[in-house]
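Hi,

Here is the structure I promised to pass on. Could you have a look at it alongside the notes below, which are about aromatic rings?

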Amino acid sequence: MRGATSAKWVAGAVIVAMAATACSTSKDEAGKSGGNITVVLGEPQHGLVGQNTAESEGAEVLNALFSGLVEYDNKTNEPKLAVAESIETTDSKVWTIKLKDGHTFHNGEKVDAQSFVRAWNWGANQDNAAESLPFFDKIEGSEELAPGKDKKPTATELKGLKVVDEKTFTVTLKAPFSQFKTMLGYNAFYPLPKAFEADPKKFGEAPIGNGAFQMDGAWEHNKQIKIKRYDKFAGDKAKLEGVTFKIYDNLDTAYNDLRADTIQIVDKLPVSAMATVSQEFGDRYLYKPESGVGYIGLPLKTNAEAFGKVEIRKAISMAIDRDAITKTIFNGTRKPADDFISPIIPGYRKGALGEVGTYNPTKAKELYTQAGGIPGGKLELGYNADGGHKEWIEAVANQLKANLGIEVTAKPFTKFGDMLTELGDQKYKGAFRMAWSMDYPAAENYLRPIFSKVAIDHGSNYGAYVNEEFETLMDQADKTANEAEAIKLYQQADDIIIKDLPYIPVFTYMSSSAYSKSVKNVEIDAQGRMDLAKVELN
Amino acid sequence: MGRYLIRRLIQAIPVLLGATFLIYFLTFQMPGADPIQLLAGDKKADPLVAAMLREKYHLDDPFLLQYWNYISGVFQGDLGETLTGRKVSDLIAEAFPYTVNLAIMAFVIEAIVGVLAGIMAALRRGKFLDQLVLLSTLMVISIPVFVTGFVLQLTLGVKLNTAWGIDFFPVSFNEADGMRAYILPAFVLASTSLAYVARLTRTSLMETMRADYVRTATAKGLPRRRVVGRHALRNALIPIVTFLGADLGGLMGGAVITERIFNIHGLGGTLAQAVYLKQGAVVVGGVTLLVLIYLVANLLVDLLYAVLDPRIRYA
């Protein structure tokens, strides 16, 4: 969204501007505009509503249909303004958001302040049981809309949201949160048109968005979702005429379809393709760091006898040969982790883990022996058998066995949920595999949802780790209005986690995708989504 | 005959009721996490959202109450909802046609090719053709379906297309390709049963060919075609029809692997997914339909016996 484009929208009458852009798109720089392609998708879980989508497949489609207040740069992952003209605050508590002119929903309705407030109020109301409910609990008044189980909401509107005029609204948070602007690119914060309120369920089958593409017919479940270019889009218009998301439940089949050029982009390659894809697709094989981090989690509270001492945790970490695992098990499709914060996030520090992240079996054994070891010398490593984790968990088990001289067993759980339930009930006391991928690209998102006190009940802090110093630093970082200062404080909080090592980071994920000869300009963002508006036919 | 049919149909009612109860009970009893967490995937379900959904779908109710709610809905024509808010009836109605098309096509391939191969092998016992049938069926039986499927998809779907430009066999299912899209998957789905049918036909026909009445028929000078077709085959077909009848239900429900390889979103995949996610209503709806098909197929088989062997009569 360049300034020039929006200025043109402000100045010119809408019809004139439309005519002008219609002309300019037809003779674009190099590539041809227009054309249709087919890309891979898995069946989304819920109706296509941003506030009710927490999984990647629905998010992929929503990303093409909606434009948020901010969007993330595909390379740096820094937030840049999209529908918002400005997002300002002086204290990180009260935020004033102004919208750009000219943005409309696909049915012609203007994208105004109310369309954001409407969407957020709906998402924050517990009666709607929307997946993204927890994203609104930072906003003032959220407890009235989500008072908890067996209680009824006492309001339908968030107190913290105030519409100032058609193009302006303010958000008041319960406590200062410096990363609020960054958070706003997440699909929970997309706007919704008036038509949504009439029938949310029907809307989810054929959503009316405000992005570069609009629906082309309704969602054909388990078959396809067709979208076409929205010519009145006020941002950077899509080059392609239309895109069909073909729904697969088997990536191997999608990959074979890509090889036959029946579909043009596959943004999640099957494991079976990894060995040959780079030869077969050359520079049409994209391979870049993704937001995920894989850990070995430790139940600090439930099994303090085994994991309570930091030396033991360090010993385990230093006995893991991260290089060997990423190279031999994952064929280089993962990278050894060297920070709790993903390498793609502003605030990541190369080699931050330092000594504890470096393979050193001698030192590991020393630390382990000094600390008195794990009672019985027995360690269990839990993993879910449904997600391709067996190999690396067994590799870790063997390394720990060899390097620490203990008995290690890999314990499979049928499903991830089963493991979480047993951890929650404090029935399972072994170490376990864990992973995190971001909701929005902020260092904060790699710390608070996993290692803070609130995350014990409301997040992914399965080890029930608590450190007051960490909490204080996180709060300070949240309060700071200065972005650079905030990052510095988050890094200090990160340092505490590195020192305490409640989880052991093992690798970071890489996204791998490939596209056929018939398309170009394919970009995949940090959340593994295709930037479809940029794609062109060859 | 008419009374027999009605009796059989009435018998089907307790079978169906019992089946739904059992399946519902089994899905409910399945060990492990609650279905809401399964939906949340790799992240922990938010406790409040999970609680609200549990309340909305009555997941905290005792089993009998849940079953009662479900079954009383069924009698009002409502098969319930998935935990993501889709109607089970829609889900089944979408998936069913694909499964039926695929199963019927596979069934036809299996019956025609299998029986023909079996007859040819039986009549040329010990000759090259017989050996060929025996060897090829042995191969088909010993190679798992997903291997056959992927190999055929790669060679006929991808390689033939990229190397020779022949795109007759689509890699994955596409509505636009019409019935052509079913050929390869139907063949893969039929392959194992086809091999069994061929071997069964071969053995069964060879046995009847040795029977006294066949020798009599040959002795009185009937042409070989008539001896085999009218006399031997008719009797030999009884076990084959039994197998085919039972297999029709198997083709419907057991197509999970084939459907997955060729991206056909049929009943098999829907059911497998539902079992995985502990979506009781979907499992019961889909399985009940399969039970119904089994019952009808079995009834047809029983009726066919009478056609094949006039000594069998139903009253």
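First, a definition: a charge sits over a ring if NZ of Lys or CZ of Arg is within 6 Å of the ring centre and within 35 degrees of the ring normal. Keep in mind that this is a predicted model. In chain B, the charged end of B:R180 is placed that way over the ring of B:F168, 5.4 Å from its centre. Chain A has a case too: A:K411 lies over the face of A:F413, at 4.9 Å from the ring centre.

Now the ring pairs. Searching the whole structure gives 39 aromatic pairs over all chains. A:F413 turns up here again, in an edge-to-face pair with A:Y428, 5.1 Å centre to centre and with 90 degrees between the planes. This pair links distant parts of chain A, 15 residues apart: A:F413 belongs to strand 15, while A:Y428 is in the loop between helix 16 and strand 16. A:F413 counts as buried at 5% relative accessibility, and A:Y428 is buried as well, at 2%.

Over in chain B, the ring centres of B:F28 and B:F63 are 5.0 Å apart with the planes at 50 degrees, so that pair is tilted. B:F28 sits in helix 1 and B:F63 in helix 4, 35 residues apart, so to speak a link between distant parts of the chain. Buried or exposed, what is B:F63? At 13% relative accessibility B:F63 counts as buried, whereas B:F28 is partly exposed at 32%.

One more for chain A: A:W95, A:F116, A:W120, A:F135, A:F136, A:F169, A:F180, A:Y186 and A:F189 make up one aromatic cluster.

Cheers

Methods:
Residues are numbered from 1 along each chain as its sequence is written. Chains are lettered from A and ligands numbered from 1 in the order in which they are written. This is a predicted model: local features need pLDDT of at least 70, side-chain atom pairs count only at pLDDT 80 or more; totals for chains, interfaces and linings use all residues. Side-chain values use heavy atoms; hydrogens and water are left out. Rings of Phe, Tyr and Trp (its six-membered ring) pair if their centres lie within 6.5 Å; planes under 30 degrees apart count as stacked, over 60 as edge-to-face and the rest as tilted. Helices (H or I, at least four residues) and strands (E, at least two) are DSSP runs, numbered from the N terminus. Buried means under 20% relative accessible area, exposed over 50%, partly exposed in between (1.4 Å probe, protein chains only).
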